[in-house]
Amino acid sequence: MQRYFFHIHGEHGTDDDPTGVVLTGHRAAMLHAVTMCAEIGCASGFHSGFSVSVRNDHGAVVGRVSAVVVIATLERRNV
């Protein structure tokens, strides 16, 4: 188990996650980032530059998820 931190990047800058979430690994962290993008993107008007980045408890970047990709995937599945 490892703590991961999720940073939301948007038109008004970056919102840092000071608490983080304890998850089983990198794959679970990336799935959590995809879920965050879907929830935030669907709940509010997002713009094309919105994304969520994932860092581990050592500060190393694990990955980044774009809201455009997540929303496009959700729209395609709803067809």
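Student: Which strand does Ser53 lie in?

Tutor: Ser53 lies in strand E4. Before we go on, keep in mind that this is a predicted model.

Student: Noted. Is Ser53 buried or exposed?

Tutor: Ser53 is buried: its relative accessible area is 8%, and the cut-off for buried is under 20%.

Student: And what about strand E4 as a whole, buried or exposed?

Tutor: Strand E4 covers residues 51-56, and five of its six residues are buried, so the strand is largely enclosed by the rest of the structure.

Student: Back to the residue. What joins the side chains of Ser53 and His9?

Tutor: That is a polar contact of 2.7 Å between the two side chains.

Student: Which residues is Ser53 in contact with, leaving aside its neighbours within four places in sequence?

Tutor: Ser53 then touches Phe5, Phe6, His7 and His9, as well as Gly63 and Arg64. One of these, His7, is also the bridge partner of Ser53.

Student: How many bridges join strand E1 to E4?

Tutor: Six bridges link E4 to E1, which spans residues 2-10, and the two strands run antiparallel.

Student: What about E4 and E5, how many bridges there?

Tutor: Five, again in the antiparallel sense, with E5 made up of residues 61-66. As an example, Val54 has Gly63 in E5 as its bridge partner.

Student: Which residue takes a positive phi in the hairpin of E4 and E5?

Tutor: Gly59 does, with a phi near 90°. This hairpin has four residues between its strands.

Student: Let's zoom out. In what order do the elements of the protein chain run?

Tutor: From the N terminus on, the order is β-β-β-α-β-β-α, which gives two helices and five strands. Of the 79 residues in the chain, 34% are buried.

Student: How much of the accessible surface belongs to carbon and sulfur atoms?

Tutor: Those atoms account for 55% of a total of about 5100 Å².

Student: Last topic, confidence. What is the mean pLDDT of the protein chain?

Tutor: The mean is 81, and 75% of the residues reach 70 or more.

Student: Which element has the lowest mean pLDDT, and which the highest?

Tutor: Helix H2, residues 67-77, has the lowest at 60, while strand E3, residues 21-23, has the highest at 96. Where pLDDT is low, the predicted coordinates should not be read in detail.

Terms used
Residues numbered from 1 in each chain as written. Predicted model: local features only at pLDDT ≥ 70, side-chain atom pairs only at ≥ 80, totals over all residues. Heavy atoms only, no water. Buried < 20%, exposed > 50% of the residue type's maximum accessible area, 1.4 Å probe, protein only. Pairing = 2+ DSSP bridges. Polar contact = N/O pair within 3.5 Å; in protein donor to acceptor, adjacent residues only side chain to side chain. Contact = heavy atoms within 4.5 Å. Areas by Shrake-Rupley, 256 points an atom, 1.4 Å probe, with all protein chains shown as cover. pLDDT = per-residue confidence, 0-100.
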